[in-house]
Amino acid sequence: RCTVDDRVTRVAWLNRSTILYAGNDKWSIDNRVVILSNTKTQYSIKIHNVDIYDEGPYTCSVQTDNHPKT
């Protein structure tokens, strides 16, 4: 889950350096990864049937007024 506000212009979920979602667009070929919410206050994903290979850093990357941050 990633909390966002109305200053956010772009948002994406990444695992390591792989993009899972960019906005509502799914980049991952893994059908277990789904978007749960993309609203003005929350951007969240879910991974069904998680296993040990899913372990690692997940990053919510946002852009506000052309200033990216994670």
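**Close-up views of the predicted model**

View A. Asn49 sits in the loop that links β6 (42-47) to β7 (58-64). Its backbone stands out too: phi is positive, at about 50°. Asn49 has this positive phi although it is not a glycine.

**View B. Arg16, a partly exposed residue between β2 and β3.** The loop between β2 (8-15) and β3 (18-22) holds Arg16. This residue is not a glycine, yet its phi is positive, at about 60°. Is Arg16 exposed or partly exposed? Arg16 counts as partly exposed, because its relative accessibility is 49% and exposed requires over 50%.

**View C. The β2-β3 hairpin.** β2 and β3 run antiparallel. Four bridges join them. Asn15 has Thr18 of β3 as its bridge partner. Two residues lie between the strands of this hairpin. Arg16 is in the turn, with its positive phi of about 60°.

**View D. The β3-β4 hairpin.** β3 also pairs with strand β4 (residues 25-26). These strands run antiparallel, and two bridges join them. Ala22 stands opposite Asp25, a residue of β4. How many residues separate β3 from β4 in the hairpin? There are two residues between them. Gly23 is in the turn and has a positive phi of about 65°.

**View E. The Cys2-Cys60 disulfide.** A disulfide is a covalent bond between the sulfur atoms of two cysteines. In this model the count is one disulfide. Cys2 and Cys60 form it, with their sulfur atoms 2.1 Å apart. Cys2 belongs to strand β1 (residues 2-3) and Cys60 to strand β7, so the pair ties together parts that are 58 residues apart in sequence. Which hand does the disulfide have? The torsion about the S-S bond is about -80°, so the disulfide is left-handed. Are the two cysteines buried or exposed? Both Cys2 and Cys60 are buried.

Notes
Residues are numbered from 1 along each chain as its sequence is written. This is a predicted model: local features need pLDDT of at least 70, side-chain atom pairs count only at pLDDT 80 or more; totals for chains, interfaces and linings use all residues. Side-chain values use heavy atoms; hydrogens and water are left out. Buried means under 20% relative accessible area, exposed over 50%, partly exposed in between (1.4 Å probe, protein chains only). Two strands pair if DSSP finds at least two bridges between them. A disulfide is a pair of cysteine sulfur atoms within 2.5 Å.
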